[in-house]
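Please look through the structure below slowly, and keep it in view while you read.

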Amino acid sequence: MKIKTTSWTILLAILAWNPVAADTLDVKIFKERRATVMNALDGGVAILYGATESSGIVKGGFVQDSNFYYLTGVSEPGAALVLAPGEHRYKETLYLKPRNPEIEDWDGRREPLGDALNEKLGFERVARTNRLPRELTAMLQRSKKVVFLGPVVSATAPMPKELQMLRDAQARVPGSTLENMADLVPEMRRIKDAGEIELIRKAVDITGKGIVAAMRSVEPGMLEFQLQSILENAYQMEGAQFLGFGTILAAGPNATVLHYGSNDQPIADSGLVLIDTGAAWQHYTADISRTFPVSGKFSAREKELYELVLKAADTAIANIRPGADHNTDLHEVAKGVLGEAGYAEYFIHGVGHFVGLDVHDAGDYSKPLEEGVVLTIEPGIYIPEEGIGIRIEDVVLVTKDGAELLSRNIPRTVEEIEAAMAD
């Protein structure tokens, strides 16, 4: 039975409640990652900045820069990491902003420096950022090489803070060199370890609960953002503190606009709703798309197109294995299924992308797939003249034997969706 518009609050009250858990990744994991980076630096000194209060703000609060979080597990804004494998005493130092009691009266207390904080964060040394320029210069005087770890930006964008800091230090140390290793951390992030996979799996499961809640709650006359609120409140009730990206919730013809974002139109009494969404769990995000009928039953035409998109998705997923090529084995295969039916021109985007700390996660798509890669498969058909947009997007883990569909429990066939909406 559908939940009526007047009963939305009941839905939110009966959703399973889980308290927000502390991060489950051990600080040793982050230390091991830093050790891998330091082994590649060949004695050079590298610096990486975290997000600031302004650059890291998303709905729900502050979210750390992904590369910085991957190496530190630290979510405090304004932090910096220096890796100096050639140093005799401290090979890695985390720098945090100086304390300001007046600001802390408003924003909350911060921990003092000391052994307790070092142990908690997994660093031998934690210092304040006002010491960073002088100490970086001293390290460079000993190493004679600085290493740029990113971020990579376009030629027209402002110079990254990291690169400016390294060049300033290099200018103070004649004879020093600068090496670009911006691809190092993104390549590490491409292969997920067991802990990361479990966090993504949890994010996918939470996202599925929100999508099912939306399927069961949709009613003609609702505004799109009202259905979106049910979806996202389900995430919060499951303990997800923020979204992996802004939700797309598009009804009817709006679903033919790929990055539709206004989410403010009324939902008609027929047609389809397309949701592209992802809850984040401890920094790792899902990315799931589901398309379902407002009435709870697909029309003959909607079913025809939906099952064609599903066939394209399943064909691409069947090709996922270590050694597969992202373009020829996945994208071209999915496009071929749609092309054979005469709909290639209505598939206007790529078949998928890596997913993890970022919704479009780091990694080189030209490299063959490997065990531990997590990616989306998302074929779609968008026919403006019919007012129909259909996308089916799943999260898939590359295993040693092929693929595991992490989002398999989220209704995805015509029969599964209609059954979920009839409950």
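This is a predicted model: local features need pLDDT of at least 70, side-chain atom pairs count only at pLDDT 80 or more; totals for chains, interfaces and linings use all residues.

Residues are numbered from 1 along each chain as its sequence is written, and side-chain values use heavy atoms, with hydrogens and water left out.

We begin with the sheet. Helices (H or I, at least four residues) and strands (E, at least two) are DSSP runs, numbered from the N terminus, and two strands are said to pair if DSSP finds at least two bridges between them. Three strands, in the order β15-β18-β19, make up an open sheet with antiparallel pairing. Because β15 (374–377) and β19 (403–405) stand at the edges with a single partner strand each, one side of each is left without a neighbour in the sheet. From one strand to the next, the twist averages 35 degrees. Four bridges join β15 to β18 (residues 394–398) in the antiparallel sense, and L375 has V396 as its bridge partner in β18. Across β15, β18 and β19 lies helix α11 (residues 300–318), which runs at about 150 degrees to β15; here axes are lines fitted to C-alpha atoms, for helices over the stretch in contact, and angles run from 0 to 180 degrees between N-to-C directions. Contact means heavy atoms within 4.5 Å.

Next comes helix α10 (residues 224–237), whose 14 residues reach 20 Å from the first C-alpha to the last, close to the 20 Å expected at 1.5 Å a residue; the expected span is 1.5 Å times one less than the number of residues. Among the buried residues of α10 are L227, I230, L231, A234 and Y235, where buried means under 20% relative accessible area, exposed over 50%, and partly exposed in between (1.4 Å probe, protein chains only). An α-helix has 3.6 residues a turn, so residues three or four places apart point the same way. After α10 comes G239, which has a positive phi, near 100 degrees.

How do charged side chains meet in this model? A salt bridge is a side-chain nitrogen of Lys or Arg within 4 Å of a carboxyl oxygen of Asp or Glu, and by this rule the count comes to 33 salt bridges. In one of them, the side chains of D361 and K192 meet at 2.6 Å, N to O. D361 lies in the loop between α12 (326–340) and β15, and K192 in the loop between α8 (184–190) and α9 (194–217), so the pair ties together parts that are 169 residues apart in sequence. D361 counts as buried at 5% relative accessibility, and K192 is buried with a relative accessible area of 5%.

Another salt bridge joins K209 to E238, with the closest N and O atoms 3.3 Å apart. K209 is in helix α9 and E238 in the loop between α10 and β9 (242–243), 29 residues apart. Here K209 is partly exposed, at a relative accessible area of 41%, whereas E238 counts as buried at 2% relative accessibility. Salt bridges also link E187, R190, K367 and E370 in a network.
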